[in-house]
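These are my notebook entries on a structure I looked up. I went through pockets, overall fold and helix packing in turn.

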Amino acid sequence: MAYVAIKAAFLDNALGQDAHAYWLAGQGELVYDRVPGQQDAYLYSPAFLTVILPLAMLPWLLFLPMWICLEAAVLLWLLKPLRTRWFVPVFLLCTPELVVGNIYILLAGAAVIGMQKPAAWSFPILTKITAGVGLLWFAVRGEWGRLLQGVGGLAIVVIVSYALDPTQWHAWLQFLLENRDGTPDSRTSFLLRCFLAVVLVVIGARKQWPWLVAPAMVLASPVLVGLIPLTILAAIPRLGRLAAQNAVTSSSPLPDKAVLARKP
């Protein structure tokens, strides 16, 4: 699969085809007049561009390899808990995402970080929007303080970004309204996928299974065509380790002093 993806990227001139849209936006072509699915269509909020702007100012021949290296580094970190016999094939399965240069690996990284630092959910919400379904984890568990951290972090990013360029924010919101039916599947199918994603998050939060957040993000992705969106599942090794750590913490015995302090 890795060979086919790389071969197709070179033969069809598709190497970095998604990343090229981000680069063009950084070169001063941030416009929302290209519909989803059109070549070089930029679909994300202006806040995403603000973050990657220093990198996007580089020439394309420098931007692309650095973007691929960034995603590869995040992927290596995500898959580190796996043994070699699983690490290698799973990494190769993610090659199509590395070839086109989308943000699914970065979304997987945000999911892992977001379980500890809720403000990290701002990234999926301000790019693929519904992929930020994982933020509901804290609401289901009643962790209102952490939910407030996530919402507050999102609000700060939006306010600062809007203050820098309100015109582009108006353009993005208008773009979202005009292309609200822009998913490849029907509206009914998309809404059903989002509902199932919420169900997975609720089950995961109740059962203390954070790894379910990854498939929930896949289901809630605006585009669910082909294998590339499945790259978000690369978050599972790290999320599974997090679940194991939480299980050990919750089942560990009380310290001796605490035991002595307990009343009979």
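Entry 1, largest pocket. I sorted the lining of the largest pocket by class and found 23 nonpolar, 14 polar and six charged residues. In this scheme Ala, Val, Leu, Ile, Met, Phe, Trp, Tyr, Cys and Pro count as nonpolar, Asp, Glu, Lys and Arg as charged, and the others, Gly among them, as polar. I noted that the model is predicted, that local features need pLDDT of at least 70 and side-chain atom pairs pLDDT 80 or more, while totals for chains, interfaces and linings use all residues. Numbering runs from 1 along each chain as its sequence is written, and side-chain values use heavy atoms, with hydrogens and water left out.

I read a volume of about 1,200 Å³ for the largest pocket. Its lining has 43 residues, and Pro36, Gly37, Leu43, Lys128 and Val223 lie nearest the centre. A pocket here is an open set of points on a 1 Å grid over the protein atoms alone, where a 1.4 Å probe fits, with protein on both sides within 12 Å along at least five of seven lines; lining residues have an atom within 4 Å of a point. Grid points are joined across faces, edges and corners, and the volume is the space filled by probe spheres set on the points. I found that α2 (17-29), α11 (166-178) and α12 (187-207) each supply at least two lining residues. The largest share, five residues, comes from α2.

I recorded about 450 Å³ of space in the second largest pocket. Of its 23 lining residues, Phe48, Val51, Ala120, Ser122 and Phe123 lie nearest the centre. Two or more residues each come from α3, α4, α7 (104-114), α8 (122-125) and α10 (144-164). Helix α3 gives the most, with six residues.

I listed 15 helices and zero strands; helices are DSSP runs of H or I with at least four residues, strands runs of E with at least two, numbered from the N terminus. The radius of gyration is 20 Å, close to the 18 Å that the globule rule gives for 264 residues, so the protein is as compact as a globular protein of that length. The radius is taken over C-alpha atoms, and the rule is 2.2 Å times the number of residues to the power 0.38. The C-alpha trace spans about 70 × 45 × 40 Å along its principal axes.

Which residues of α3 and α4 make their contact? The axes of α3 (residues 46-56) and α4 (residues 60-79) come within 10 Å and cross at roughly 120°. Axes are lines fitted to C-alpha atoms, for helices over the stretch in contact, and angles run from 0 to 180 degrees between N-to-C directions. That makes α3 oblique to α4; angles under 35 degrees count as roughly parallel, over 145 as roughly antiparallel, 65 to 115 as roughly perpendicular and the rest as oblique. The contact (heavy atoms within 4.5 Å) joins Phe48, Ile52, Leu55 and Ala56 of α3 to Phe63, Met66 and Trp67 of α4.

I then took α2 and α3, whose axes come within 9 Å and cross at roughly 85°. Helix α2 is therefore roughly perpendicular to α3.
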